[in-house]
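The following note sets out numbered remarks on the model shown below. Please read them alongside the sequence and the coordinates.

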Amino acid sequence: MKIAITGLGVISCCGNNITEFWNNISNGISGINPITKYTPSVIKTRKVGEVQNFSLDTVFDPRWNNKTDSHVQFALNATKQAIDQSGLELNKIDPHRIQT
């Protein structure tokens, strides 16, 4: 079996695309910050790695926001980044020969 990595995508607490992510981790910028997305009343920790400044609206139809949770949205966005970076023309490729 031959494998080729043709594109990368990332949504993380350190960046929402490859360039931002790489620049932040290369410069020692941590994605760990005080919790902002929920009230941490049940747990002791007050700092986490939350994804910041993310909007699925820039990539997909806004109706997806109500139909998917944030983790699915992160995966869809990172997949779109990888496909875009690959430069592959998906309409010319056997769909059974590609994976993300």
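1. Isoleucine 35 is buried, its relative accessible area being 14%; here buried means under 20% relative accessible area, exposed over 50%, and partly exposed in between, with a 1.4 Å probe and protein chains only. This residue is found in the loop between β1 and β2, where helices (H or I, at least four residues) and strands (E, at least two) are DSSP runs numbered from the N terminus. Leaving aside neighbours within four places in sequence, isoleucine 35 is in contact (heavy atoms within 4.5 Å) with Pro40, Ile43, Thr45, Arg46, Lys47, Val48 and Glu50. The C-alpha atoms of isoleucine 35 and threonine 19 are separated by 24 Å, although the two are 16 residues apart along the chain.

2. On the basis of the note: this is a predicted model, in which local features need pLDDT of at least 70 and side-chain atom pairs count only at pLDDT 80 or more, while totals for chains, interfaces and linings use all residues. Residues are numbered from 1 along each chain as its sequence is written, and side-chain values use heavy atoms, with hydrogens and water left out.

3. Isoleucine 32 has its place in the loop between α1 (18–26) and β1 (33–34). With a relative accessible area of 46%, isoleucine 32 is partly exposed. Not counting residues up to four places away in sequence, isoleucine 32 touches Lys47, Val48 and Gly49.

4. How many disulfides does the rule give? The count comes to 0, a disulfide being a pair of cysteine sulfur atoms within 2.5 Å. The closest cysteine sulfur to that of cysteine 13 belongs to cysteine 14 and is 4.1 Å away, which is too far for a bond. Cysteine 14 is accordingly in no disulfide. Cysteine 13 is partly exposed at a relative accessible area of 28%, whereas cysteine 14 is buried at 14%.

5. The count of aromatic pairs comes to 1; rings of Phe, Tyr and Trp (its six-membered ring) pair if their centres lie within 6.5 Å, and planes under 30 degrees apart count as stacked, over 60 as edge-to-face and the rest as tilted. The ring centres of phenylalanine 54 and phenylalanine 74 are 5.0 Å apart and the planes stand at 85°, so the pair is edge-to-face. Because phenylalanine 54 lies in the loop between β2 and α2 and phenylalanine 74 in helix α2, the pair ties together parts that are 20 residues apart in sequence. Phenylalanine 54 is partly exposed, with a relative accessible area of 21%.

6. Glutamine 73 is also found in helix α2 and counts as buried at 9% relative accessibility. Neighbours within four places in sequence aside, glutamine 73 is in contact with Phe54, Leu56, Trp64, Asn65 and Thr68.

7. Asparagine 53 deserves a check of its backbone: its phi is positive, about 55°, although it is not a glycine. Most residues other than glycine have a negative phi. Asparagine 53 lies in the loop between β2 (47–48) and α2 (70–86) and counts as exposed at 75% relative accessibility.
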